[in-house]
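Have the sequence and the model open as you read.

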Amino acid sequence: MEQPDILLRNVTAVTVDNERRVIDRAWLAIAGDRIAGIGSEADEPPRDAREIIDGSGMVAMPGLIDCHSHAGHGLVRAAGCGDVDRWFEVCEAIYARASTADFWRAEARLTLLERLQGGVTTAMTLLGGGADIMRTDDPTFGDAHCTATAEAGLRTILAVGPTRPPFPRSYRRYENNDGRDVAVSFERQLEVCEDLIDRWNDVLDRRTGVALAMPVYYAADVVEGPARRQVKDMGDAVMALRERKKVLFTQDGHRDGSIALARDLGVLGPFALLGHSVDLTPTDFEALAQTGASIIHNPSAIMSIYGRCPVPELIDAGVVVCLGSDAAAPDRGYDMFRHMAQCMHYHRRHFRDPSYLPPGKTIEMATIDAARALGLESELGSLETGKKADIVLVDMRKPHLYPPGMPVTRLAHFANAADVDTVIVDGRVLMRGRRIEHLDTADILDSAAREQKLAFERAGVTGLFAEPASYWRSSRLVAQSH
């Protein structure tokens with residue numbers, strides 16, 4: 001073995017490798033951006049490492065992977081919480097008509113900081129959301145997000161694509177705080193997507209990937225006739241670009257027959273990751289088996305309240321299922337440990353059986369299964385020699401994580417983002433002892449607050465942060481008037 005750059009010693013290694021080894025008092029050697037070796041205390045570690053990190057009392061695990069989230073949501077956190085329709089309206093108003101490149105950059109920096117502190121090293125995020133508003137009218141907005149990713153050192157696959165008809169879509173752009181409306185066609189949105197792919201799609205080496213996305217359609221939306229032909233033509237155009245550029249494809253909000261419809265529209269394959277996917281039908285299961293598409297389960301999302309993603313049944317059917325946060329708003333966050341615990345309890349309550357979704361399987365859904373859904377299982381998702389050195393150290397010497405023993409159970413059930421001590425991506429230490437040297441935390445927070453205030457003022461929705469008395473006195477939130 002060549003001289004390692006970093007040697008991690010005295011860790012408990014939860015490898016998530018093919019044998020699912022948990023190695024006590026393990027060492028891991030890192031050379032460049034790769035894991036150069038893994039051993040136990042019975043194996044002689046390499047000598048003369050340039051840097052030695054003593055991980056006594058810590059678990060080493062693969063970097064966590066969040067397969068579904070939304071850029072922009074970090075700056076609309078809590079706004080309209082409890083009134084979902086109003087919240088969607090706010091997202092549309094801000095994303096399409098009140099946001100600037102500075103807004104998207106500030107939001108990305110805030111999100112990436114939260115992810116870094118929680119051990120999330122790779123994520124797929126849509127450039128917008130809410131009511132299917134994707135900020136793909138101009139590449140400036142995607143550039144802002146990808147530039148922030150490069151500075152943070154994490155991996156982000158930015159999903160971009162068209163909104164739903166009618167076209168042209170109206171967006172508002174700002175110069176010196178003066179807004180002007182711009183009409184944007186479907187074709188222009190695809191041009192922007194291709195531009196972003198050409199300049200930023202290199203998730204393994206530059207850590208800024210790009211994927212394609214398009215809205216989910218339901219049977220009522222695309223009955224036979226012009227509406228179906230229009231959606232089919234748009235899907236064909238997105239798929240032609242996807243095939244030409246060999247990128248991933250994702251959709252947000254599948255349910256109740258929409259996966260079978262997506263198959264019939266020709267937009268599914270092993271390259272596809274389908275978000276939420278609740279109340280699936282037998283024909284949806286057939287479509288997944290036929291196409292090899294993966295499912296992203298978002299157990300903490302509002303859609304998982306309205307319906308249920310049948311995760312155990314999907315896994316039993318051979319479908320790859322991974323985890324997503326669904327982003328930071330209106331009532332969530334990027335703590336993947338929280339989402340793992342939520343996932344277990346969600347399905348155990350459904351079956352009234354605590355044996356469903358063991359803790360190890362849930363960790364797989366946020367590591368190796370997520371990497372498999374992204375087509376990156378040979379590079380990410382487990383601690384193995386030759387893979388990318390994306391490694392998280394979790395400090396287990398905490399009251400809520402003690403006494404020692406059963407590290408897999410402790411991670412999945414009891415750990416949280418604040419327990420992450422050290423984060424390594426591509427062999428580079430990005431956080432150690434919860435200290436982040438390469439990012440200005442205070443500036444990130446201040447910029448987020450400033451850009452949120454400006455965007456809400458432009459959208460005329462600043463009153464959304466006044467919390468009603470019903471937050472305290474009622475068993476359910478009484479919807480506020482719009």
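Leaving aside neighbours within four places in sequence, Asn298 is in contact (heavy atoms within 4.5 Å) with His68, Gly275, His276, Ser304, Gly324, Ser325 and Asp326. This is a predicted model, in which local features need pLDDT of at least 70 and side-chain atom pairs count only at pLDDT 80 or more, while totals for chains, interfaces and linings use all residues. Residues are numbered from 1 along each chain as its sequence is written, and side-chain values use heavy atoms, with hydrogens and water left out.

**Asn298**

- You will find Asn298 in the loop between strand 16 and helix 8 (303-306); helices (H or I, at least four residues) and strands (E, at least two) are DSSP runs, numbered from the N terminus.
- Asn298 counts as buried because its relative accessibility is 0%; buried means under 20% relative accessible area, exposed over 50% and partly exposed in between, with a 1.4 Å probe and protein chains only.

**Helix 6 against helix 7**

- Helix 6 (residues 258-265) packs on helix 7 (residues 282-291) at an angle of about 45°, and their axes are 7 Å apart; the axes are lines fitted to C-alpha atoms over the stretch in contact, and angles run from 0 to 180 degrees between N-to-C directions.
- Ser258, Ile259, Ala260 and Arg263 of helix 6 make the contact with Thr283, Asp284, Glu286, Ala287, Leu288, Gln290 and Thr291 of helix 7.

**The two sides of helix 7**

- Asp284, Ala287, Leu288 and Thr291 are the buried residues of helix 7.
- They cover an arc of only 100° around the axis, which puts them on the same side of helix 7; the arc is that of the directions from the helix axis to the C-beta atoms.
- These buried residues pack against helix 6, strand 15 (272-275), strand 16 (294-297) and helix 9 (311-316).
- Pro282, Ala289 and Gln290 are exposed on the other side of helix 7.

**Helix 10 against helix 13**

- Helix 10 (residues 336-351) and helix 13 (residues 407-414) meet at an angle of about 90°, with axes 7 Å apart.
- Helix 10 and helix 13 are therefore roughly perpendicular to each other.
- Phe337, Met340, Ala341, Met344 and Arg348 of helix 10 make the contact with Leu411, Ala412 and His413 of helix 13.

Conventions: Parallel < 35°, antiparallel > 145°, perpendicular 65-115°, else oblique.
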